[in-house]
Amino acid sequence: MIYLDNAATTRVSGEVFEAMKPYFCEQYANPSAIYSFAGKSMKAVDEARRSIAGLIGAQPNEIYFTAGGSESDNWAVKAAAELGRTKGKHIITSTIEHHAVLHTCQYLERQGYEVTYVNVDEYGVIKLDELEAAIRPDTILITVMAANNEIGTIQPLREIGAIAKKSGILFHTDAVQAYGHIPLDVDELNIDMLSASGHKIYGPKGIGFLYIRKGVRIGSFVHGGAQERSRRAGTHNTPGIVGMGAAAKLAGDGLAERMAKETALRDHLIRRVLTEIPYSRLNGHETDRLPNNASFCFRFIEGESLLILLDQQGICASSGSACTSGSLEPSHVLLAIGLPHETAHGSLRLTLSEETTVEDIDLTVEAIAKIVERLRSMSPLYEDFVKQNQKKEV
Ligand SMILES: *Cc1c(COP(=O)(O)O)cnc(C)c1O
């Protein structure tokens, strides 16, 4: 099997799993308990919190554990809306956010909030002039993702952070794809809230965090016990937290080398696909993109058929986001970068891991080339297109 769907989820790394193991059957105490048996669990939670905070230049007490990226996004956006409602009810986001942010914004619209969805350019980069122009006296939140999960484009966070700061507006970023994959510093980038998730960085599923800058007084999202400074109730997921801490530490330690290795492999993949497969295009920015993300469209191809045939060869890939597969609507991200529906339907996302090899990539490119040729040979649209082109040449 060749697994190239690491934007959907990653394998838990062996080191992470080993770090988690004692917290199931041995150190199972509730970290909040008084006895010394629980102290070890709390110490492990604190240590994880330090590693996790260190990766983004935050203080440990600004990290609030959640059940994952979706919860963190929901918390940040809904609680910021609630906090700001005396000032105003206007929120700014982008057209290419993950559904955890987009659907939360749509929910708030039904509650009487107004949302401006700022456009992106053909590479998926947010239009900063449109963002600035969208700011109003009643704007209370800017939420723009750090890097896109489908096309890999990295957003100009520094510029967005500066605009938000200048205007006195809270800035949240969904960094689920970026955290642990590229360097991020909440102070340099003026980020007030940041969402991340364990299972996108070789950690376990069901654990994530929201960074909340000290002094940002958004309310609690899950009410109950006094965990997480009374801001996120629920018994600590000790194994999950320990796992995410170990994953964050590993991500930080090898970041520069891993980025260089993944970028080289990614560019090899992109080069081969674009030169060897006719009528193919790269989606997203050529250089301002996640080191492990390659996203393509193949004209005259149905992405779903391509995925099924790749699966028959043991290759796991995606046509966009896991959330859109199963629906016939093309991805909102591919439409937002200006692709026509037919082209957007022929999308393929390949996302590498730290274990992906050049052999994996070469086998995959060869498989794609064959499948695309086969699918096109059965396509009346492609046949017409070829005939018309031949006429032109005559
Ligand atoms: C995966 C993902 C999420 C959701 O995270 P979960 O931990 O699966 O809830 C949110 N935003 C982006 C950009 C993602 O890639």
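## Two helices at a crossing

Helix 9 and helix 10 sit roughly perpendicular to each other, because an angle anywhere from 65 to 115 degrees counts as such and theirs is about 70°. Bear in mind that this is a predicted model. Helix 9 covers residues 238-253, helix 10 covers residues 255-276, and their axes are 5 Å apart.

Which residues of helix 9 and helix 10 make the contact? On the helix 9 side they are L250, A251, G252 and D253, while helix 10 brings in L255, E257 and R258. Sorted by class, this contact has three nonpolar residues, three charged ones and one polar one.

## Who surrounds the ligand

Now for the ligand. There are 13 residues around the ligand, and the ones that come nearest are S70, D174, Q177, S197 and K200. By class, the shell splits into eight polar, three charged and two nonpolar residues. Helix 4 (residues 69-84) supplies the largest share of that shell, with three residues.

## Polar contacts and burial

A few polar pairs are worth a look in the viewer. S197, already listed among the nearest residues, has a polar side-chain atom 2.6 Å from a ligand oxygen. G69 takes part through its backbone: a polar atom there is 2.8 Å from an oxygen atom of the ligand. For H199, an N or O atom of the side chain is 2.9 Å from a ligand oxygen.

How much of the ligand does the protein bury? On its own the ligand exposes 390 Å², and the protein buries 87% of that.

Terms used:
Residues numbered from 1 in each chain as written. Predicted model: local features only at pLDDT ≥ 70, side-chain atom pairs only at ≥ 80, totals over all residues. Heavy atoms only, no water. Axes fitted to C-alpha atoms, helices over the stretch in contact; angles between N-to-C directions. Helix = DSSP H or I, 4+ residues; strand = E, 2+ residues; numbered from the N terminus. Parallel < 35°, antiparallel > 145°, perpendicular 65-115°, else oblique. Contact = heavy atoms within 4.5 Å. Nonpolar A, V, L, I, M, F, W, Y, C, P; charged D, E, K, R; others polar. Near = heavy atom within 4 Å. Polar contact = N/O pair within 3.5 Å; in protein donor to acceptor, adjacent residues only side chain to side chain. Areas by Shrake-Rupley, 256 points an atom, 1.4 Å probe, with all protein chains shown as cover.
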